[in-house]
Amino acid sequence: MFFLYTLNFFYDKMNVGDSMANLDNIKVVLDNNRNINNEVKDNLFELIVIFNNKFPEVSLDNLEKHLRTLKIKKTNKFLNQDISMYDHKNNILYFNKDRMNEEYDYKHVLMFELINIISSNSYQTGFNADGKFEALNTGYTEILANFLVGNNGEKLIYPNEAIYANMIGIIAGEDKLFESYFKNDAKILLNALVEAGVTL
Amino acid sequence: MMNFNKLNDEANYYSELSGKTGVNSWDQDKFQTGVINMIQELNLSKEQIEKLGNLMVSNNQELDMEPSNNKSVVEFEVFAKNKVDTLEQNISMSKVA
């Protein structure tokens with residue numbers, strides 16, 4: 001229920017970046033990354049294809065750059081209790097060892113983090129600069145992940161954040177949320193909210 | 001008066017607290033009231049009002065939280081009725097004109 005409304009416009013064309021990267025390049029870059037094992041590489045690539053098929057207008061240039069040196073680590077030294085975290089500054093994807101026996105849909109979790117990687121320009125992910133829109137950005141990432149691969153796990157991830165993002169999408173315009181996210185530009189969203197009459 | 005920055009700060013607070021504790025710590029009822037306050041003066045369409053209404057959570061159990069009875073859902077129903085009545089009034093007045 002929570003995830004359906006924001007996505008109606010996705011089938012209109014929207015160019016959110018001139019992409020030089022294509023799936024063939026990405027496959028080569030991923031294969032050459034010795035930090036990631038083959039099984040994870042296969043899983044990642046499958047999800048990248050799903051993403052690209054649904055959102056062909058979204059540039060994969062950042063993804064290609066990050067995949068060259070991306071590291072994936074399991075740790076029990078998480079700062080919080082989340083199942084996963086993408087450290088965009090150091091290009092490391094962490095999984096929380098202490099929570100990995102819980103009933104998450106790992107395809108969904110990996111897609112969630114892949115979207116973070118795709119939307120990362122190394123300074124921020126999506127429209128979240130310096131943590132100012134942390135919850136909203138997380139919620140929107142969750143909406144996208146659910147749209148792309150669903151969630152067959154027992155555990156919901158960030159449902160409240162997703163509802164928040166859905167509400168903002170209805171008020172500001174789903175297209176503006178999408179554009180703001182993949183262009184790493186919060187001003188697009190803020191201007192759309194002001195235009196809708198919201199007091200910032 | 002609720003503005004976007006205050007609502008956003010509230011969302012960030014709940015989200016961070018939930019992450020730190022590992023327990024969903026959102027006060028969903030209070031948050032929803034905040035949303036309603038923020039949108040009071042907006043010119044929303046019937047479709048937008050309906051979609052927002054469908055997102056309002058009446059029982060936090062839907063979100064794997066402790067069961068609740070969120071009064072904000074009733075607040076929203078009142079808000080929605082007033083908004084839709086105004087919209088329909090405006091439509092019939094514009095037809096007369």
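Biologist: With which residue does A:E102 form a salt bridge, and how far apart are the closest N and O atoms?

Modeller: A salt bridge is a side-chain nitrogen of Lys or Arg within 4 Å of a carboxyl oxygen of Asp or Glu, and here A:E102 forms one with A:R99, the closest N and O atoms being 3.0 Å apart. Please keep in mind that this is a predicted model, in which local features need pLDDT of at least 70 and side-chain atom pairs count only at pLDDT 80 or more, while totals for chains, interfaces and linings use all residues. Residues are numbered from 1 along each chain as its sequence is written, chains are lettered from A and ligands numbered from 1 in the order in which they are written, and side-chain values use heavy atoms, with hydrogens and water left out.

Biologist: Is A:R99 buried or exposed, and where does A:R99 lie in chain A?

Modeller: Buried means under 20% relative accessible area, exposed over 50%, and partly exposed in between, with a 1.4 Å probe and protein chains only. A:R99 is buried at 12%, whereas A:E102 is partly exposed at 26%. Helices (H or I, at least four residues) and strands (E, at least two) are DSSP runs, numbered from the N terminus, and A:R99 sits in the loop between β3 (92-96) and α4 (106-118) of chain A. Contact means heavy atoms within 4.5 Å; not counting residues up to four places away in sequence, A:R99 touches several residues, including A:Y104, A:K155 and, from the other chain, B:G22.

Biologist: How many residues apart are B:E16 and B:K20, and in which helix do they lie?

Modeller: Both belong to helix α1 (residues 4-21) of chain B and are 4 residues apart, about one turn of the helix; their salt bridge has its closest N and O atoms 3.0 Å apart. B:E16 is partly exposed, with a relative accessible area of 48%, and B:K20 counts as exposed at 51%. Returning to chain A, salt bridges that share partners join A:R99, A:E102 and A:K155 into one network. Another pair in chain A is A:E64 with A:R68, whose closest N and O atoms are 3.2 Å apart, and over all chains the search finds 11 salt bridges.

Biologist: Which residues form the aromatic cluster?

Modeller: A pair of aromatic rings is described by the distance of the centres and the angle of the planes. Rings of Phe, Tyr and Trp (its six-membered ring) pair if their centres lie within 6.5 Å, with planes under 30 degrees apart counted as stacked, over 60 as edge-to-face and the rest as tilted. The whole structure has 17 aromatic pairs, and one cluster has among its members A:F51, A:F147, A:Y181 and B:F4.

Biologist: How large is the area buried between chain A and chain B?

Modeller: Buried area is the accessible area (1.4 Å probe) that two parts lose on being put together, summed over both, and between chain A and chain B it is about 2,900 Å², of which carbon and sulfur atoms give 63%. In chain A, A:N160, A:Y164 and A:M167 lose the most area to chain B, together 22% of what that side buries. The contact takes 34 residues from chain A and 31 residues from chain B. The count between the two chains is 1 salt bridge; A:E174 forms a salt bridge with B:K51, the closest N and O atoms being 3.7 Å apart. On the side of chain A that touches chain B, α6(A) gives the most, with 10 residues.
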